[in-house]
Amino acid sequence: MDYLVRFSQFHESFRLAELKALAVVEGIDLKILEYSDDHPFCIIAVPSADAARALIRRAILIQSIHELWGYAPSGLYEDIHADVRARTEPLWSSYATCSFKGQGGQKSLKGNFAQYGLERLVGEFFTADLTNTPLVRRRWMDGIVCDPPYGVREGLKVLGCRDPEKTPNVIVAGENSPSYIAPKKPYSFLAMLDDILEFATQMLVDEGRLSFWMPTANDEDQELNAPTHPCLEIVSVCVQPFNRWSRRLITYRRMPDSQVDQEKLSLHKRAKHEGVTADELNPFRERYFKGFKKEEA
C-alpha cells in the first residue's frame with residue numbers, strides 16, 4: 001500500500017538515507033515512489049500498515065506517516081475524488097466511528113533506550129586509543145558510529161612517544177603506577193580516518209555499517225575526499241552545511257569477502273602522512289584557520 005511520509009523541515013540530504021537504512025534494519029520492502037528535497041513529503045510503498053509503523057518507530061527526521069488515500073498531480077477535485085474512491089472505498093466502513101485522534105509518547109533518556117529495545121544491551125563504558133584498542137580483533141560488530149575530533153581546538157594526539165629513539169624507556173618506566181599518564185604524540189587527521197576504516201574492516205560483520213562525521217571545505221578546490229577501503233562500500237553521504245565549511249555523515253557497509261576485489265585488497269596500502277605540527281598533520285585545521293582562502297598561484 002502507498003503511504004505519505006512527512007519529514008522534518010531540516011537536514012534534507014539525510015532524509016532518504018535514514019529512511020532506506022530503517023527499511024534495511026526492519027527488513028521492509030520499501031519503494032520510493034515520489035520525493036524531492038524541495039518539500040517535506042515523500043510517497044512510498046510498503047507491504048502493510050505494520051510495516052509502516054515499524055519503518056518510523058526509530059526515525060529521527062520523520063514526523064509522521066499516513067495511509068495515502070488520494071493523490072492527483074493535476075490538482076483537480078474530480079481527479080482526487082476518483083483516486084480516493086479507487087484506492088480506499090473498501091476501507092470506508094472501518095473508519096465510520098474513528099475519531100482519528102492520536103496519542104503521543106513520553107520522551108526521556110530511558111524512553112530512548114526503550115524505543116530501540118536496547119535496555120538489556122547497555123554494557124560498560126571504557127576509554128581507549130583506537131590504535132591501541134583492547135578489543136579482540138574479530139568480526140562481531142553490527143555497527144560502528146563515530147564522531148571523531150576534527151583537531152581544530154587542539155591538535156590530534158595518539159598514545160606513543162614523539163621521539164621513541166630519544167626516550168625509549170619512558171612508557172615502561174611508569175606504566176604500572178596508578179598515577180601514570182601515558183605519553184602522547186601528534187596524530188594525523190587523515191591517518192585517523194584510515195585507522196577508523198581499518199578498524200571497521202576488522203570488526204564489522206557482513207553488511208555491518210560504519211558511520212562517521214568528516215569535515216570539509218565547501219570550496220571544491222579545497223574539499224577533502226572521503227576515505228576509501230577495498231572492503232567497505234559507501235552507502236550514503238549526507239551533508240550538513242555551515243558557513244565556509246560543512247561536515248559529511250558518511251556511511252559504509254562492510255562487504256562480504258566474496259564481494260571484495262581481492263586484487264585491490266592486496267594492493268591496498270595506507271597513505272603515509274608526513275608532518276610534525278598540528279597544521280601539517282591536519283589539512284582541514286590548516287584551512288580552517290586560514291579562513292578557507294584559496295592559495296595564490
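Predicted model: local features only at pLDDT ≥ 70, side-chain atom pairs only at ≥ 80, totals over all residues.
Partly exposed describes a residue whose relative accessible area lies between the buried range, under 20%, and the exposed range, over 50%. Arg209, at 26% relative accessibility, therefore counts as partly exposed.

**Salt bridges**

- The structure holds 13 salt bridges, one of which joins Arg209 to Glu207, with the closest N and O atoms 3.9 Å apart; Glu207 is partly exposed as well, with a relative accessible area of 38%.
- Salt bridges that share partners tie Arg139, Asp206, Arg254 and Asp257 together into one network.
- Arg87 pairs with Asp2, their closest N and O atoms being 3.1 Å apart, and this links distant parts of the chain, since Arg87 belongs to helix H3 (residues 77-88) and Asp2 to strand E1 (residues 2-7), 85 residues apart.
- Arg87 itself is partly exposed, at 31% relative accessibility.
- Between Arg58 and Glu26 the closest N and O atoms of the salt bridge are 3.8 Å apart; Arg58 sits in the loop between helix H2 (49-56) and strand E4 (62-67), whereas Glu26 is in helix H1 (residues 15-26), 32 residues apart.
- With a relative accessible area of 25%, Arg58 is partly exposed.

**Nonpolar cores**

- The largest nonpolar core has 23 residues, among which Ile144, Met192, Leu210, Phe212 and Tyr252 touch the most other members.
- Strand E5 (141-146), helix H6 (189-203), strand E8 (204-217) and strand E10 each give two or more residues to this core, and the largest share, nine residues, comes from H6.
- Beyond residues up to four places away in sequence, Met192 touches Pro148, Pro149, Leu156 and Tyr187.
- A second, separate core of 19 residues includes Val5, Phe7, Cys42 and Ile65, and Cys42 counts as buried because its relative accessibility is 0%.

**Hairpin and cysteines**

- Strands E9 (residues 232-241) and E10 (residues 245-254) run antiparallel and are joined by nine bridges, forming a hairpin with three residues between them.
- Within this pairing, Cys238 stands opposite Leu249 in E10.
- Cys231 is buried, with a relative accessible area of 4%, and a search of the whole structure finds zero disulfides.

**Surroundings of Pro40**

- Pro40 lies in the loop between strand E2 (31-35) and strand E3 (41-45), and at 11% relative accessibility Pro40 counts as buried.
- Leaving aside neighbours within four places in sequence, Pro40 is in contact with Val5, Arg6, Phe7, Gln9 and Arg15.
- Pro40 and Arg6 are 34 residues apart in sequence, yet their C-alpha atoms are 5.7 Å apart in space.

Note on methods
Residues numbered from 1 in each chain as written. Heavy atoms only, no water. Pairing = 2+ DSSP bridges. Helix = DSSP H or I, 4+ residues; strand = E, 2+ residues; numbered from the N terminus. Buried < 20%, exposed > 50% of the residue type's maximum accessible area, 1.4 Å probe, protein only. Contact = heavy atoms within 4.5 Å. Disulfide = S-S within 2.5 Å. Core = buried A, V, L, I, M, F, W, Y, C linked by side-chain atoms within 4.5 Å. Salt bridge = Lys/Arg side-chain N within 4 Å of Asp/Glu carboxyl O.
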